[in-house]
Amino acid sequence: MMLSRNILFGGLLCLLVIAAALISFLWTPFDITQMDIPNKLQKPGAIHWFGTDHFGRDIFSMIMVGARTSLAVALVAVGIGMGLGVPLGLWAAANSGSWLDELIMRGNDLIFAFPSLVIAILITAILGPSAVNAILAIGIFNIPVFARLTRAGALPLWQRDFILAARVAGKSHARISAEHILPNVANLLIVQGTIQFSLGILAEAGLSYVGLGAQPPTPSWGRMLADAQTMVSFAPHLALIPGFAIIISVLGLNLLGDGLRDFLDPKIRVMRS
């Protein structure tokens, strides 16, 4: 089956952002820690491709390093969500209807009762603003997302004949979950992972915008937007460029997730064929 245009275009946008982040470890056009006040607020040109900010720093270089920050925060946060949420969901599905299932699901409902950004702001406000605390805050909200999805995908599988055969063979619930249930819900988790990745980038930008994410001198797209809000009228590129960087990242991940859903779902493949 040929890959859809969503996968190709979304993957291309994601590769662009990832490449910028990886290259920034080795090279950036200018040193982002050096201020150049005489050349501040320059418009995009041949020397500074995206212009300079109010401190004279090269915006293109800051976008590259900011990509590294956003991707790192979102990736680790999604890893926390999957690493804790998936086992909880498998555990709940294996003990469906028991007090353990109820305890896990009601705990998820309690977290879902509060908006994710409010929880993130609360955690970072208590622990202090930093990229690490932003990762923790975003990761905590990802846990019930993956737990509920895993449980919903696993519950119907426990009634299938091949699972009953595994139980008759004497396999434990944990072994069945790892060997038979998890591979059959992996496609759901992959697609949801891309979605949560994009939401993680947005959440990191939002926390940095209000000063609770990555702290200076570490560049962040959200902080770049916050710094630019008072200068939009005479230097709009300060806000437009980091805004477009966020849009490209989120759009690429959403297109990739949508394409992967179509590619991995056998029902959709049959309908389209």
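These questions and answers walk through a predicted model.

Reader: How many helices and how many strands are there in the protein?
Author: Read along the sequence, the pattern is α-α-α-α-α-α-α-α-α-α. The C-alpha trace spans about 75 × 50 × 30 Å along its principal axes. The count is ten helices and zero strands.

Reader: At what angle do the axes of α1 and α9 cross?
Author: Helix α1 covers residues 5-26 and helix α9 covers residues 237-264. Their axes come within 7 Å. The crossing angle is roughly 145 degrees.

Reader: Is the crossing of α1 and α9 left-handed or right-handed, and which residues make the contact?
Author: The way α1 passes α9 is left-handed. On the α9 side, the contact uses I248, S249, L251, G252, L253, L255, L256, D258, G259, L260 and F263. On the α1 side, the residues are N6, I7, F9, G10, G11, L13, C14 and V17.

Reader: How do the residues of the contact of α1 with α9 divide by class?
Author: Glycines are part of this contact, with G10 and G11 on α1 and G252 and G259 on α9. The division is twelve nonpolar, six polar and one charged.

Reader: Which elements give two or more residues to the lining of the second largest pocket?
Author: This pocket holds about 290 Å³ of space. Of its 14 lining residues, the closest to its centre are L16, F50, I63, A245 and I248. I248 also belongs to the contact of α9 with α1. The elements giving two or more lining residues are α1, α2 and α9.

Reader: What is the class make-up of the lining of the second largest pocket?
Author: The lining has no charged residues and no polar residues. The nonpolar count is 14.

Reader: How many cavities of 30 Å³ or more does the structure hold, and what is the volume of the largest?
Author: The structure holds one cavity of 30 Å³ or more. The volume of the largest cavity is about 80 Å³.

Reader: Which element supplies the largest share of the lining of the largest cavity?
Author: The lining consists of D53, H54, R57, I59, M62, M224, D227, A228, M231 and L238. The largest share is three residues, and it comes from α8.

Reader: How many charged residues are in the lining of the largest cavity?
Author: D53, R57 and D227 are among the lining residues. By class, six lining residues are nonpolar and one is polar. The charged residues number three.

Reader: Which peptide bond is cis, with omega near 10 degrees?
Author: Most peptide bonds are trans. P217 lies in the loop between α7 (173-209) and α8. The cis bond runs from P216 to P217.

Reader: Is L41 buried, partly exposed or exposed?
Author: L41 sits in the loop between α1 and α2. Its phi is near 55 degrees, a positive value in a residue other than glycine. Buried means under 20% relative accessible area, and exposed means over 50%. L41 has 26% relative accessibility, so L41 counts as partly exposed.

How values were computed: Residues numbered from 1 in each chain as written. Predicted model: local features only at pLDDT ≥ 70, side-chain atom pairs only at ≥ 80, totals over all residues. Heavy atoms only, no water. Axes fitted to C-alpha atoms, helices over the stretch in contact; angles between N-to-C directions. Helix = DSSP H or I, 4+ residues; strand = E, 2+ residues; numbered from the N terminus. Left-handed = near helix turned anticlockwise from the far one by under 90°. Contact = heavy atoms within 4.5 Å. Nonpolar A, V, L, I, M, F, W, Y, C, P; charged D, E, K, R; others polar. 1 Å grid on protein atoms, 1.4 Å probe; cavity = no way out; pocket = protein on both sides within 12 Å on 5 of 7 lines; lining within 4 Å. Points joined across faces, edges and corners; volume = space filled by probe spheres on them. Buried < 20%, exposed > 50% of the residue type's maximum accessible area, 1.4 Å probe, protein only.
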